[in-house]
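The structure comes next, followed by the details.

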Amino acid sequence: MLKLNEEVCIGCGICESSCPFAAIEMVADLPVIGDSCTLCGACVDSCDVEALSIETAESSGVADISEWKDIFVYCEFRGGVLATVSLELLGIGRTLADIRGVKLSAVLIGSETGDVADTLIGHGADVVYRVDTPELAGFSEDSYTKVLTRLILDNKPEIVLAGATAIGRSFIPAVATTLNAGLTADCTKLEIRKEDGALLQTRPAFGGNIMATIVCPAHRPQMSTVRPKVMKALEFDSARTGEIIDVEIPAALGESRIKVLESVVSEESNVNIQEAEILVSGGRGLESEKGFALLKTLADSMDANVSASRAVVDAGWIPYPHQVGQTGKTVAPKLYIACGISGAVQHVAGMQSSETIVAINRDENAPIFDVADFGLVGDIQEIIPKLIRKIEEKRGA
Ligand SMILES: Cc1cc2nc3c(=O)[nH]c(=O)nc-3n(C[C@H](O)[C@H](O)[C@H](O)COP(=O)(O)OP(=O)(O)OC[C@H]3O[C@@H](n4cnc5c(N)ncnc54)[C@H](O)[C@@H]3O)c2cc1C
């Protein structure tokens, strides 16, 4: 909590003007701290006479992590659409909550959320904290940070999970910083130690060459982001019941210092390889940008989308939204056809959950064959036209 040493305070009011959340009001020459304080520390830094300080559990000598329980999943809702990663996180959240014997709570922030809260319950949530107000219709880092931070401080969950999406990546680190918590980004596996609730957060490290498991034993909440398509959502169960809690927030929390002047949808953002059922993926074995024309014909012959390795994205043969892998997207289509891709660990990290993997490569020792269900050893310039002919014959028939 924020503490004031009245004997030292000179009533200058600098803390009031430095507070980004308008949480401080000067009354009778002394700062009064309001509900919207998020413990960001801006006032502490601005106070020349050191009259303000933040007392954390650790600094007060009572790091009582037992006060923190339950699991929070931030469920991303934007432009009337719930991000599918939210359901995937509820899936893993349900497993962790059951092992630990605690509640799984979904956090829904936005405007006009309709029956999304029921969807979240049907997919595993016991409780939905819903903050539905017109001020939060558009995403902005500062207001969403304040609202989620407030919900976490009020409810003290031991674990907070969020999607490693553009939105999650932009404001979840700010929430973690404000809470003085750690954050493990881009986890690929989450497990829990039943006895003490320690979250075992596994993610690639050192360029994807090792998998590191990160534990945060002495601080709560434990915060992780997970990429879309890494975890599995539970089937919707209309018989599931849960509690929906509508949370009223102080007006100051919903206010943002960011004004969105215009939103422009970029053509590239329409490429969503993560939703594709079939992906035909090209690598350096295509030899040039022109190789993608052949790949596109193969993709069109079976209503598939085209994706790629990083080598060809870096070469400028295809734009970044098509990239699969550790620094690209994680995909899990029904069928993934890797054409002229060697199968580097950073590429495999992004596609190994695909249901069926077919690899075409002229090097029979290429590592991609280690993860492939079917391997074709040969030149893609010969094999792909044959494949296209066969598919067209079958389709024609
Ligand atoms: C920190 C870090 C992050 C990275 N992130 C990613 C990532 O997100 N995604 C990613 O893909 N990579 C990533 N990489 C790069 C990765 O290590 C590889 O360099 C890259 O995946 C190689 O791409 P490639 O398989 O297309 O090319 P290559 O490794 O050059 O392989 C080309 C393959 O094509 C085959 N071939 C050549 N000609 C033919 C032909 N005519 N017919 C059939 N086969 C042929 C060859 O035998 C070879 O196996 C990352 C690297 C680092 C260090």
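How many bridges join strand S17 to strand S19? Strand S17 (residues 278-282) and strand S19 (residues 335-339) run parallel and are joined by 5 bridges.

## Basis

This is a predicted model, in which local features need pLDDT of at least 70 and side-chain atom pairs count only at pLDDT 80 or more, while totals for chains, interfaces and linings use all residues. Residues are numbered from 1 along each chain as its sequence is written, and side-chain values use heavy atoms, without hydrogens and water.

## The sheet

An open sheet is formed by 5 strands with parallel pairing, in the order S18-S17-S19-S20-S21. Strands (E, at least two residues) and helices (H or I, at least four) are DSSP runs numbered from the N terminus; two strands pair if DSSP finds at least two bridges between them. Strand S18 (305-308) and strand S21 (374-377) are the edge strands, each pairing on one side only.

## Salt bridges

The count comes to 15 salt bridges, each a side-chain nitrogen of Lys or Arg within 4 Å of a carboxyl oxygen of Asp or Glu. One network links Arg94, Asp98, Asp126 and Arg240. In it, the closest N and O atoms of Arg94 and Asp98 are 2.8 Å apart, and Asp126 meets Arg94 at 3.0 Å, N to O. Asp126 and Arg94 are 32 residues apart and link distant parts of the chain.

In helix H8, Asp300 and Lys296 lie 4 residues apart, about one turn, and their side chains form a salt bridge (3.0 Å, N to O).
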